[in-house]
Amino acid sequence: MDPSGDASGGDAPGSVGLMVTKPPPCQSSSQHSTVDGLDLSMARGQSQIRNRPARRRERLYNSESQLEFETAVSSPEGGETKMKSSTNALRRRTKSLYGACQNFNFGPKATLLQTSYIIEIIQDPCKLMLMWKKKPQSILIIKKIWDDLVDEAFVELAAWLVQVKNMEVLIEQQVMDDRIINKQPAFSSICNKLSTFTEGKDNITDMVDLIICLGGDGTLLYASTLFQTNVPPIITFHLGSLGFLTSFDFSDYKEQVSQILEGSKTCFMLRTRLKCDILNQNDTSQLAVPPKSAESRRHVLVLNEIVVDRGDASYLCQLDLYIEDKLITVLQGDGLIISTPTGSTAYAAAAGASMVHPNVPAIIIAPICPHSLSFRPIVVPADVKIKIAVSPDARSDAWVSFDGRNRQQLLKTDVLVISTSEYPLPSICSIDPINDWFESLAGCLHWNVRKIQAPLRYPSPPDVFTEDGLSLDSNEGSSI
């Protein structure tokens, strides 16, 4: 491995080199770092982000009282300028992606081979706070359709945002054309102040500052499909059936929305999404689908999972699974689920996969009724590239769906390419990412809910009588 080589080069993702040498001082996570042009200033668990055009490499040397940074910053002329700075190190355990700060010394003489990307700085996922660069003006409301309870909440919310908060409200055209909603007097008074859009025709990526979802988990999944690149912050109100992903109660929506619009200590969670492409093995510039649906097959972002199944065929689904262009295994069964951590509590959990917290950078691979008892679900790193293809000797083609939508046929000449997208979904938390997730596990899935086992109750020892007929206290007398 070339120590100066780029991580995106020939090295496999996640691979490290081991170098035996005189050990340098122990390395530690920095309080000031740069990742891909973003300046992340760490101070007591909180982060401030500032744009920095230059990409730099850092080597950290930790002492008991000082944390010294030797930084090589690329200059516009092509050279490197070294800068040194020192700061007092906080006497506490710092956190990284793997929990406590990693020690890179292994024994007396072994350490980690230095590369340009050996240190990866990641913000504490439980300390992410929302900040508005400018005051938000436009709000998109996504509602569950065909539900009277949601209709009433939608009209009340839209009227409050328009009349009290003076916000620009965007809704779907089919909601505007709903005859039941139009019969409500409160909606008739504001309908001419609302803007509309149509899914698949209008691009609303740069038109929305905040998304409010009224409904269940499916409403949030639908909102994710509307934004195939950058996603505005999303707040979800539980007005659906299960509501695992909807942590807010609509009864106090005015207070919740007002706090978010003011940007006062709003905690949110970045839910990773998967990028999916279907390519033809014979000609990667064309797709074996009608032109009308070619775009949906070419690039799709999903929040929950991609499901490849056998469809209506009576034969086993035979799929070749590749990770980093290496054939890992051949599935024979009903299908395969490729899930995000967010989707690990959905279809993947029903297929026997582990439930993974959304802040864990991972991809879950779970077979559906495999024809092998040893094929168990696995969890792989989030930065790997997964490819799925129908085996050439399979008896039938397969079918694929993305978050339960856009179901289409996967031919033997097609290759499904899956990787983690660089556009996560920012979901606003009711409390924080940890509490919200475990509250949903207990409240929605009844995780580990059972009657507590009764404690052991030992019977009282029998009375012991002496020859005189007097009772002998076991605490005072000798043991029997």
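**Notes on the fold**

1. Let me begin with a loop residue: Asn-230 lies in the loop between α5 and β16. Helices here are DSSP runs of H or I with at least four residues, strands are runs of E with at least two, and both are numbered from the N terminus. Away from its neighbours within four places in sequence, Asn-230 touches Thr-205 and Tyr-423, where contact means heavy atoms within 4.5 Å. Asn-230 and Tyr-423 are 193 residues apart in sequence, yet 5.8 Å apart in space, C-alpha to C-alpha.

2. A word on ground rules. This is a predicted model, with residues numbered from 1 along each chain as its sequence is written. Local features need pLDDT of at least 70 and side-chain atom pairs count only at pLDDT 80 or more, while totals for chains, interfaces and linings use all residues; side-chain values use heavy atoms, with hydrogens and water left out.

3. The overall picture: the chain has nine helices and 31 strands. Of its 480 residues, 41% are buried. Buried means under 20% relative accessible area, exposed means over 50%, and partly exposed is in between (1.4 Å probe, protein chains only). Of the contacts between residues at least 6 apart in sequence, 66% join residues at least 24 apart.

4. Leu-128 has 11% relative accessibility, so it counts as buried.

5. Back to helix α5 (residues 217-226), which is largely enclosed by the rest of the structure because nine of its ten residues are buried. Among them are Asp-217, Leu-220, Tyr-222 and Leu-226.

6. How do α1 and α6 sit against each other? The axes of α1 (residues 148-163) and α6 (residues 253-262) come within 12 Å and cross at roughly 45°, which means that α1 is oblique to α6. Axes are lines fitted to C-alpha atoms, for helices over the stretch in contact, and angles run from 0 to 180 degrees between N-to-C directions. Under 35 degrees counts as roughly parallel, over 145 as roughly antiparallel, 65 to 115 as roughly perpendicular and the rest as oblique. The crossing is right-handed, that is, the near helix is turned clockwise from the far one by less than a right angle.

7. Which residues make that contact? From α1 they are Glu-156, Leu-157, Trp-160 and Leu-161, and from α6 they are Tyr-253, Lys-254, Val-257 and Ser-258. By class, five are nonpolar, one is polar and two are charged. Nonpolar covers Ala, Val, Leu, Ile, Met, Phe, Trp, Tyr, Cys and Pro, charged covers Asp, Glu, Lys and Arg, and the others, Gly among them, are polar.

8. More on α6: its buried residues are Tyr-253, Gln-256, Val-257, Ser-258, Ile-260 and Leu-261. What covers them includes β12, α1, β15 (210-215), β16 and β29 (425-428). Gly-263 follows α6 and has a positive phi, near 70°.

9. Now the aromatics. There are seven aromatic pairs, counting rings of Phe, Tyr and Trp (its six-membered ring) whose centres lie within 6.5 Å; planes under 30 degrees apart are stacked, over 60 edge-to-face and the rest tilted. Phe-237 and Phe-250 have ring centres 5.6 Å apart and planes at 85°, so that pair is edge-to-face. Phe-237 is in strand β16 (residues 234-238), and Phe-250 is 13 residues away in the loop between β16 and α6.

10. Phe-250 also pairs with Tyr-253: the centres are 4.5 Å apart and the planes at 10°, so this one is stacked. Phe-250 is buried at 10% relative accessible area, and Tyr-253 is buried at 3%. One aromatic cluster takes in Trp-160, Phe-237, Phe-248, Phe-250 and Tyr-253.

11. Finally, two asparagines to look at. Most residues other than glycine have a negative phi. Asn-166, in the loop between α1 and β13 (168-172), has a positive phi of about 55°. Asn-448, in the loop between α9 (433-443) and β30 (464-465), has a positive phi near 55°. Asn-166 is exposed at 58% relative accessibility, and Asn-448 is exposed at 66%.
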